[in-house]
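Subject: Structure handover

Hello,

I am passing this structure on to you. Please open it first, then read my notes below.

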Amino acid sequence: MSFFNKLTQERCPICKEPLTTDKSNTLFSHVIKSCPKDHYEKEFIPALEGYVEHYNVVPK
Ligand SMILES: [Zn+2]
């Protein structure tokens, strides 16, 4: 997993924390990178071969 993590190391545009992939479902090649503080979420959609971004996943 370390190789994968290096490739996908990105940071939250709001708080600059490294995004985590805890919500990813590798079974479906469904990768969700999210801020540990829930500011931001970036979801890879294999069918679209692209990312969908979500800001302020949990508005405060
Ligand atoms: Zn954040």
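Start with the sheet. Three strands make it up, in the order β1-β2-β3. The sheet is open, and its pairing is antiparallel. β1 and β3 (50-55) are the edge strands. Each has a single partner strand, so one side of each has no neighbour in the sheet. On average, neighbouring strands are turned by 15° against each other, direction ignored.

A word on what you are looking at: this is a predicted model. The mean pLDDT of the protein chain is 80, and 77% of the residues score at least 70. Confidence is highest in β3, at a mean of 92. It is lowest in α1, at 52. Please keep that in mind when you look at the helix.

The overall layout is quickly told. The protein chain has 1 helix and 3 strands. Along the sequence they follow the pattern α-β-β-β. The chain has 60 residues, and 13% of them count as buried. Among contacts with a separation of 6 or more, 12% come from residues 24 or more positions apart.

Now the strand pairs. β1 and β2 (residues 40-45) are joined by 4 bridges and run antiparallel. In this pair, serine 34 stands opposite glutamate 41 of β2. β2 and β3 are joined by 6 bridges, again antiparallel. Here tyrosine 40 has tyrosine 55 in β3 as its bridge partner. β3 is hardly covered: of its 6 residues, the count of buried ones is 0.

Next, the turns. β2 and β3 form a hairpin, with 4 residues between them. Glutamate 49 sits in that loop between β2 and β3. Its phi is positive, about 50°, although glutamate 49 is not a glycine. Is glutamate 49 buried or exposed? It is exposed, because 7 other C-beta atoms lie within 10 Å, and a residue with 12 or fewer counts as exposed.

- Asparagine 56 is in the segment after β3. Asparagine 56 has 12 C-beta neighbours inside 10 Å, so it counts as exposed.
- Isoleucine 14 is in the loop between α1 (2-7) and β1 (31-34). It is 24 residues from aspartate 38 in sequence, and 10.0 Å from it in space, C-alpha to C-alpha. Isoleucine 14 has 13 C-beta neighbours inside 10 Å, so it counts as partly exposed.

What does isoleucine 14 contact, leaving aside its neighbours within four places in sequence? The partners are Cys35, His39 and Tyr40.

Best wishes

Methods: Residues are numbered from 1 along each chain as its sequence is written. This is a predicted model: local features need pLDDT of at least 70, side-chain atom pairs count only at pLDDT 80 or more; totals for chains, interfaces and linings use all residues. Helices (H or I, at least four residues) and strands (E, at least two) are DSSP runs, numbered from the N terminus. A residue is buried if 20 or more other C-beta atoms lie within 10 Å of its own, exposed if 12 or fewer, and partly exposed in between; C-beta atoms are placed from the backbone. Two residues are in contact if their C-beta atoms, placed from the backbone, lie within 7 Å. Two strands pair if DSSP finds at least two bridges between them. Axes are lines fitted to C-alpha atoms, for helices over the stretch in contact, and angles run from 0 to 180 degrees between N-to-C directions. pLDDT is the predictor's confidence in each residue, from 0 to 100.
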